[in-house]
Amino acid sequence: LNLRLSNFRREIYARLKLRGYACLLPVCDDNVHMTSKRQRNPIVVPTTEGSHVTTSPATQAETAGKDDPTDSDLDDASDYTELSMATTPPEVLLEQNWKRYRLRARKNQGHSAVRSLVRCLALTRIVHGDATWRRAQVHLELAKSYLDLRDMPLQAVKHSQMARDVSVPMYRRARDVIREAGNGDGSSDDHLSEERDGGLVEILNVLAPAQFVLGKAFCGLGKYSDGEVALVKADQYAAELQRSTSHPNLTTTVEINKALGLCCLKQKKTRVAHDYLDKAEKLATKLYGEEAVQLIDIHQNIGKARQQESDLEGAIEEYSKSHSIAVARNGQHSESAAGTLHSLATAYLTMEGSDAETVAEGYLNDCLATYERLHGPRNQKTIQIQEELCRLMLRTDRHKEAVEQISEVIAAKRAVYGDPSEELASTYKLLGTVYLSEGHLEKAVHQFQKSHGMFGTVLGPRHKRTVNVQQTIEMLSRSSTGSAAMRGKSLLDQRPRFKTIVK
């Protein structure tokens with residue numbers, strides 16, 4: 001038995017080394033048997049407190065029947081020991097790594113989840129080979145983990161493309177087999193059904209999500225045209241998958257149409273985006289119900305499409321539907337309810353009239369109160385709403401209140417983004433604009449100089465935002481009050497240094 005285990009260990013090591021994954025195994029000494037290693041070095045078992053307990057071979061034999069690891073075992077930082085890698089078949093290791101990945105994905109442990117999937121990829125190639133849909137499935141899960149758990153769209157593009165490249169040849173072969181079976185006589189109906197259910201369905205279950213993740217990753221990189229092409233292909237594969245199975249999964253189709261609608265909105269293709277979003281709404285209503293949480297984002301995106309079409313009443317209607325669902329399902333002080341309030345305020349701000357401004361300000365204040373309750377005053381979303389309130393105050397000629405609000409924004413941005421930062425520089429520029437509208441040129445020049453210094457430090461002296469502020473300062477320096485302010489500052493800079501010694 002020991003000889004067989006030793007030979008099995010050498011075989012696994014050789015196969016890993018041949019495929020370039022020798023790093024998964026410890027160094028193998030062909031002249032030392034596993035029996036001598038067990039006798040010389042007892043196995044060290046890590047405990048939860050970080051201490052170690054040594055076990056004898058007799059104790060190990062008593063606990064050898066425990067093959068299935070628990071959640072605590074799967075979550076252990078030391079994934080492998082030399083003995084477990086040498087004696088465990090690769091099929092079992094593959095199953096254990098899949099369990100580790102699912103556990104870590106549920107806990108949003110992106111780095112550990114990706115590491116488990118990398119091991120799954122190596123073991124899948126050993127167990128099933130390269131040209132299989134199971135390898136494409138691992139690449140797909142890697143792409144999802146990089147995109148959703150680690151926010152790395154470039155890596156997600158790479159792995160989703162690898163999943164597509166592995167799946168497309170198998171998809172074409174499966175289609176050829178089905179076409180040949182369909183051209184034969186009626187005796188091949190059972191073979192056709194078997195190929196369709198056992199080959200094509202599994203391939204499409206990988207290929208459609210792979211194209212979907214690829215499209216989302218392209219959109220995350222700002223490549224919306226490439227993302228649209230990938231998402232259209234994903235929609236085609238998903239439609240073929242629905243025709244190939246008796247129990248179609250409409251969830252993927254809903255998500256694909258949502259992503260296509262949002263991608264078209266980014267490209268200003270309003271009519272096409274509206275069609276995709278309407279389709280997603282109908283499918284989601286059929287699948288989840290009329291007041292499902294999944295409809296919140298769909299109504300939000302439909303509202304954006306109507307707002308781009310200058311249909312403000314239709315946009316407000318869609319935003320109101322979204323807000324009512326968010327309040328009914330998640331509560332009045334939830335994150336989703338605050339987001340829908342922000343969308344309603346944005347729609348009313350595009351309308352003219354004091355009544356619309358009053359309604360928008362009420363929505364912004366409610367949204368600000370919710371964000372402060374959820375995240376506190378020093379949060380990016382809270383700061384964004386405060387800035388929009390400042391611009392609304394400037395729009396309604398309430399400059400004094402705007403200056404007080406901007407002072408709070410400056411303190412919050414200094415804590416969140418740091419000093420200097422591009423965000424803080426833009427707020428100083430806004431404060432300079434407020435002082436300039438009030439006629440305080442000296443204060444305006446002072447704030448513009450702060451903004452110019454920060455933009456120059458963060459973005460560089462030749463950046464367009466730095467040059468824009470510099471041109472504003474030069475324009476103000478030509479006026480009488482502005483030139484006096486600049487001249488006074490230059491005289492202070494030219495005065496001699498103060499000395500404590502008097503001669």
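**A loop residue and its surroundings**

Guide: Ser310 sits in the loop that links helix 14 (295–308) to helix 15 (312–330). Bear in mind that the model is predicted. The backbone at Ser310 has a positive phi of about 65°, although this residue is not a glycine. Is Ser310 buried or exposed? Its relative accessibility is 63%, and because the limit for exposed is over 50%, Ser310 counts as exposed.

Lys268 is not a glycine, yet its phi is positive, at about 65°. With a relative accessible area of 64%, Lys268 is exposed.

Helix 12 covers residues 250–266 and helix 13 covers residues 270–288; their axes come within 8 Å and cross at roughly 155°. Angles over 145 degrees count as roughly antiparallel, so helix 12 is roughly antiparallel to helix 13. The crossing of helix 12 past helix 13 is left-handed. On the helix 12 side, the residues making the contact include Leu250, Val254, Leu260, Gly261 and Leu265. On the helix 13 side they include Val272, Tyr276, Leu277, Leu283, Ala284 and Leu287.

Ala131 lies in the loop between helix 7 and helix 8, and its relative accessible area of 58% makes it exposed. From Ala131 to Pro169 there are 38 residues in sequence, and their C-alpha atoms are 8.8 Å apart in space. Ser479 belongs to the loop between helix 22 (464–477) and helix 23 (480–494). Its relative accessibility is 25%, so Ser479 counts as partly exposed. Between the C-alpha atoms of Ser479 and Leu441 the separation is 9.1 Å, and the two residues are 38 apart along the chain.

One more loop has a backbone feature of another kind. Pro420 is in the loop between helix 19 (399–416) and helix 20 (422–438). The peptide bond leading from Asp419 to Pro420 is cis, and its omega is near 10°.

The largest nonpolar core is made of 41 residues, and within it Trp98 and Tyr171 have the most contacts. At least two residues of this core come from each of helix 6 (90–106), helix 7 (110–127), helix 8 (133–149), helix 9 (153–183), helix 10 (189–220) and helix 11 (224–244). Helix 10 gives the largest share, 12 residues. If neighbours within four places in sequence are left aside, Tyr171 is in contact with Leu200, Ile203, Leu204, Leu207, Tyr237 and Glu240. Another core lies apart from this one; it has 26 residues, and Ile256, Ala284, Ile325 and Ala337 are among them.

Aromatic rings give a further view. How many aromatic pairs does a search of the whole structure find? The search finds 3. One of them joins Trp98 and Tyr101: the arrangement is edge-to-face, with 6.0 Å from centre to centre and 75° between the planes. Trp98 and Tyr101 are 3 residues apart in helix 6, so about one helical turn separates them. Both residues are buried. Tyr348 and Tyr363 make an aromatic pair that is tilted, with 5.8 Å centre to centre and 40° between the planes. Tyr348 belongs to helix 16 (residues 335–349) and Tyr363 to helix 17 (residues 354–375), so this pair ties together parts 15 residues apart in sequence. Buried means under 20% relative accessible area; Tyr348 is at 19% and is therefore buried. Tyr363, at 23% relative accessibility, counts as partly exposed.

Last, the whole chain. The protein chain has 23 helices and 2 strands. It consists of 503 residues, of which 41% count as buried. Among contacts between residues at least 6 apart in sequence, 58% join residues that are at least 24 apart. Against that background, Ser310 is an exposed residue in the loop between helix 14 and helix 15.

Note on methods:
Residues numbered from 1 in each chain as written. Predicted model: local features only at pLDDT ≥ 70, side-chain atom pairs only at ≥ 80, totals over all residues. Heavy atoms only, no water. Core = buried A, V, L, I, M, F, W, Y, C linked by side-chain atoms within 4.5 Å. Buried < 20%, exposed > 50% of the residue type's maximum accessible area, 1.4 Å probe, protein only. Helix = DSSP H or I, 4+ residues; strand = E, 2+ residues; numbered from the N terminus. Contact = heavy atoms within 4.5 Å. Phe/Tyr/Trp six-rings, centres within 6.5 Å; stacked < 30°, edge-to-face > 60°. Axes fitted to C-alpha atoms, helices over the stretch in contact; angles between N-to-C directions. Parallel < 35°, antiparallel > 145°, perpendicular 65-115°, else oblique. Left-handed = near helix turned anticlockwise from the far one by under 90°.
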